[in-house]
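Here is a short briefing to read alongside your model. Have the sequence and the 3D view open, and let's walk through a few spots together.

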Amino acid sequence: MRRSSFAALSLLIACTIAHAADDDAPTYAFGAGVQRLPAWQGAKDRRNQGIPYVDIEIPGVGELSTSDGLKLDLIHGEHWHGGIYGSWLWGRTRDDLGQLGGKVPSLSPRFQGGGYLEYAFTKKFSVGSHIAHDTDGAGAYAAIYADYQLPDVWYIQHSLELQVQGMNGPAMRRFFGVTPSEADDLGTRAWQPGAGGQSADIEYDAFIPTSQQTGFALAVSYGKLFGDAASSPLVSRFGSTRQVTETLAFVYHF
């Protein structure tokens with residue numbers, strides 16, 4: 001589980017729009033692109049998928065985006081922001097699993113609901129955390145993160161994001177657990193992980209304008225699984241602790 005690539009691009013695009021619009025005005029960005037990501041959480045193989053890009057930000061209310069999910073700000077502070085949080089967590093299909101297909105279960109996507117809290121030290125640097133729970137299951141997920149907008153290079157805006165994520169026991173076992181019967185099919189040991197940290201990620205995001213209202217959004221994320229997630233036979237025998245995701249999209253904003 002992670003904030004998907006483009007997690008910081010919402011901020012970058014919003015800043016780009018702010019150069020030409022009232023800071024209190026709503027902003028909208030729409031686009032489409034392609035993402036190359038691990039075939040499943042912990043996989044060493046990767047796959048390509050087409051993605052939409054949507055970011056709607058209403059100052060004083062919140063935002064809805066394909067990158068950062070739903071945020072409704074109930075604090076409305078100068079530095080503090082927080083309130084309702086929602087996101088969509090992708091699962092894995094039998095095709096995604098490759099050689100593991102039919103030996104370990106595919107997982108359906110799920111919607112998560114919870115809350116978030118952020119503190120903006122400046123317009124360029126903020127830290128935050130969110131916690132969410134599956135609306136159709138026992139999984140719970142949490143993350144802490146820090147975003148820093150780097151100095152512009154020409155017209156290119158870019159940023160770095162650091163994030164550490166964790167799961168409760170049911171969520172960890174859903175993605176990384178191996179039952180005794182599955183272990184027999186795989187020729188490995190059973191694994192029943194508990195709650196704890198799951199991954200640490202660093203992401204570089206850039207927005208490259210092509211006109212006043214269009215541009216390319218780029219994101220490169222490098223993640224490292226640790227703890228019980230990294231020790232899972234699914235990862236240690238068949239996958240990789242290194243998780244790399246690259247995304248490129250063309251965006252129209254106004």
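**Charges over rings**

- The charged end of Arg-174 sits over the ring of Phe-175, 5.5 Å from the ring centre. A charge sits over a ring here if NZ of Lys or CZ of Arg is within 6 Å of the ring centre and within 35 degrees of the ring normal.
- Lys-71 has its charged end over the ring of Tyr-116, at 5.0 Å from the centre.

**About the model**

- This is a predicted model, where local features need pLDDT of at least 70 and side-chain atom pairs count only at pLDDT 80 or more, while totals for chains, interfaces and linings use all residues. Residues are numbered from 1 along each chain as its sequence is written, and side-chain values use heavy atoms, with hydrogens and water left out.

**Aromatic pairs**

- A search of the whole structure finds 11 aromatic pairs. Rings of Phe, Tyr and Trp (its six-membered ring) pair if their centres lie within 6.5 Å; planes under 30 degrees apart count as stacked, over 60 as edge-to-face and the rest as tilted.
- One of them is the edge-to-face pair of Phe-125 and Tyr-148, with 6.4 Å centre to centre and 65° between the planes.
- This pair links distant parts of the chain, 23 residues apart: Phe-125 lies in strand β7 (residues 125–134) and Tyr-148 in strand β8 (residues 140–149). Strands (E, at least two residues) and helices (H or I, at least four) are DSSP runs, numbered from the N terminus.
- Phe-125 counts as partly exposed because its relative accessibility is 30%, and Tyr-148 is partly exposed at 38%. Buried means under 20% relative accessible area, exposed over 50%, and partly exposed in between (1.4 Å probe, protein chains only).
- Phe-125 and Tyr-148 also belong to one aromatic cluster with Trp-80, Tyr-119 and Phe-121.

**Around Asp-96**

- Asp-96 is in helix α2 (residues 94–97) and counts as buried because its relative accessibility is 16%.
- Leaving aside residues up to four places away in sequence, Asp-96 touches Ala-39, Trp-40 and Arg-47; contact means heavy atoms within 4.5 Å.
- With Arg-47, Asp-96 makes a side-chain to side-chain polar contact of 3.4 Å.

**Strand β9 and its neighbours**

- Strand β9 (residues 157–167) is mostly covered, with eight of its 11 residues buried.
- β9 pairs with β8 in the antiparallel sense over nine bridges; two strands pair if DSSP finds at least two bridges between them.
- Ile-144 has Val-164 in β9 as its bridge partner.
- β9 also runs antiparallel to strand β10 (residues 196–209), joined by 11 bridges, and Met-167 stands opposite Gly-196 in β10.

Methods:
Polar contact = N/O pair within 3.5 Å; in protein donor to acceptor, adjacent residues only side chain to side chain.
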